[in-house]
Amino acid sequence: MGDRKTVGFIMSGIMDEFPEQLARGIIGEAEKDDVNIVVIPVKYINREMKNIPDLYEFQYQTNIETITSTNFDALIVAADIIGCLTTEKNLKIFMDGIKARGIPIVLAASKMDDYPGVVFDNKAGIIEGIEYLVEELNVRKIGMLKSHDHNNDVAERYEAFKEMMDYYKLEIGKNSVIKTNLSADCRDDCERFLDLNPDIEAVFCVNDDVARTFYAAMKDRGLVPGRDIKVMGFDNSISGSMMTPSLTTVDASAKNLGKRVFTMVRMILDGWSVGQTTIPTRFILRDSFGSFLDRKNTDDAMLDKNKLDKYFHRVFFKFENISKQEDFEILIMYKALMNTIIDYVNDKDFSAERVAFLKTKMDDFFKTGALEYSDPDVLLAYVDRVKNAIMNRFTSYERQCQAYETFSTLLEKMVRTLRNEVVEYKSSMNESIYTLKNMVEETLNFNHGGDESYASIVTNLEMFDVKNAYVYIYDTPVIHKEGEKFIPPERVRLKVAMTDGIVKVIPSKDQWIEIDHLYDNKYITSEKYNMVQMPLYFNECLYGFVLYDLNDVSFRSGEFLANQYATVARLIDILSQNDRLKKGQTGQLINQQDKSTR
């Protein structure tokens, strides 16, 4: 494969939030090395959860058959994610099948015997969350929506739940722990939990997807998270922070885990032996615990200079440690700002000069880049809660008005800063949607079944700043049914290649590429790359797959793009058949005319 190493990452779906962040962490760390990364989505292997429709997603599993010891120097596998809908036995068979190919494997967010990998310390954040429920909110009746025990992460989360219930001598009711799956498609289980636990005060959901569905079940019953039932998730997904009310959760940074995974891969590629390692998790307090919604729930500890470190790490939860001068400055500026606020309150000096100095300290803190270590809901709620704690310090209406005006100004400034980031993100999303619409129209703009028509697939990827793309097509479409073993052909046709932005339709005689050389043939870019491989299929019919640059659009719309390109491949195949049929009919007509003239 040449001097440059190639590492594969086997994940679930390219648009799934958790594996996306894993991939970003892996790719970010791999930037330091001369290594290619190929992301291989396989969705969810060997589904046993028959109540969740597959809708032909099993075709993604055919990606596995391009994994050979010639193609890859190492593999990263998110085993528990891709195996979350199957049995422990099936997952082991799957992993052992990959291991038999003789490629070094590192697991991401998964733990299995005889496989090195990186996992979360699932317990730390859960322990802190339940501790907060019991000691600060006086909650006694807590339940859990958990998944099947063969997933090691789930098993550890349930173990932490049981340990804390035992520590506080709280009863785990007969029906207060309900098994579900790890996806958002768990509505029946959420309904059953609510039916069987009418007096429950809080529920710990095994992940944020389950919590989102639990929110929906509560809403249909007129229940409000945080007011009627406290809700905690796990993962700290972006979608969780955008729920209403915002979801209290446990931050398990997939991006950081991905970085740690690749450092382990790096060691393997350098000839070192590796084992199992763990990274920490953190409790993230938001509105679904009611703490920030209840204006009477103020905390004098927030105005205690001796507890600034505690609140700093709770609010800026992405801040892991002081590893460089910039990190130290963020912590110092936070303490300087909070000390200024506390002195402002204790001294009761509301002069214009004092307020101006306070605003200056706020500006200095913003300039440190600290916002990157929190999220809008957590940070704004914290500031709002500090404001309420300060208001409660004053009995004079005049003093309350002065304090309110000062902190409302600061809060508005922060909101404007955060709103600008959201507007930029939405603008980029709207622009992407517009580009996608144009792409669909342009991609389908052909009327014959020749190889040139495949160029529409890669040419339109340029709209999304993709410079490298390769369309591999089976010589004849393959019928592949669910449950059947897929045996790939030994070689496939590379119809079109876009390398460094230049599109080339490959002559028929040069199209054959061995499966062992999909990622390093003479048409592939010689530059270092990060790509994703997506199958081209329509129902049970496989046409091939497309390999292209992995970027933000791939994560946001990768499956949509693949579906459009599969449609193109299907139409080209139909047109090709029609072209052959017409040629055959024309040949027959010519023969008949020749006979009639004799």
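**Exercise 1: two packed helices**

The crossing of α1 and α9 is right-handed; describe how these two helices pack, and state which residues make the contact.

*Solution.* The model is a predicted one, in which local features need pLDDT of at least 70 and side-chain atom pairs count only at pLDDT 80 or more, whereas totals for chains, interfaces and linings use all residues. Residues are numbered from 1 along each chain as its sequence is written, and side-chain values use heavy atoms, with hydrogens and water left out.

Step 1. Two packed helices are described by the angle between their axes and by the distance between the axes. Helix α1 covers residues 17-30 and helix α9 covers residues 254-269, and they pack at an angle of about 45 degrees with their axes 7 Å apart. Helices here (H or I, at least four residues) and strands (E, at least two) are DSSP runs, numbered from the N terminus. The axes are lines fitted to C-alpha atoms, for helices over the stretch in contact, with angles from 0 to 180 degrees between N-to-C directions.

Step 2. Angles under 35 degrees count as roughly parallel, over 145 as roughly antiparallel, 65 to 115 as roughly perpendicular and the rest as oblique; α1 and α9 are therefore oblique to each other.

Step 3. The crossing of α1 and α9 is right-handed, a word used if the near helix is turned clockwise from the far one by less than a right angle, and left-handed if anticlockwise.

Step 4. From α1 the contact (heavy atoms within 4.5 Å) involves F18, Q21, L22, R24, G25, I26, E29 and A30, while α9 contributes A254, K255, L257, G258, K259, F262, T263 and R266.

**Exercise 2: α6 with α7, and α4 with α5**

Describe how α6 packs on α7 and how the axes of α4 and α5 cross.

*Solution.* Step 1. Helix α6 (residues 187-196) and helix α7 (residues 208-220) pack at about 55 degrees, with 9 Å between their axes, which makes α6 oblique to α7.

Step 1. The crossing of α6 and α7 is right-handed, and the contact joins R187, C190, E191, F193 and L194 of α6 to V210, T213, F214, A216, A217, M218 and D220 of α7.

Step 2. The axes of helix α4 (residues 122-135) and α5 come within 9 Å and cross at roughly 35 degrees, in a right-handed crossing. Among the residues that meet are I126, I127 and I130 in α4 and A160, F161 and M164 in α5.

**Exercise 3: residues in loops**

What is the phi angle of A109 and of K169, and is each residue buried or exposed?

*Solution.* Step 1. A109 sits in the loop between β4 (105-108) and β5 (117-120); its phi is near 60 degrees, a positive value in a residue other than glycine. With a relative accessible area of 2%, A109 is buried.

Step 1. K169 belongs to the loop between α5 (152-167) and β7 (177-179), and its phi is near 55 degrees, again positive in a residue other than glycine. At 74% relative accessibility, K169 counts as exposed.

Step 2. Consider also the loop between α8 and β10 (249-251), where P245 is placed: a cis peptide bond joins T244 and P245, with omega about -5 degrees.

**Exercise 4: the whole chain**

How many helices and strands does the chain have, and where is the confidence lowest and highest?

*Solution.* Step 1. The chain has 16 helices and 18 strands, and buried residues make up 52% of its 598 residues.

Step 1. The average pLDDT (the predictor's confidence in each residue, from 0 to 100) is 83, and 83% of the residues score at least 70.

Step 2. Confidence is lowest in helix α14 (residues 397-443), with a mean of 57, and highest in strand β3 (residues 74-77), with 98. Over residues 421-436 the pLDDT is below 50, and beyond near neighbours in sequence this stretch has 11 contacts in the model.

Key
Buried means under 20% relative accessible area, exposed over 50%, partly exposed in between (1.4 Å probe, protein chains only).
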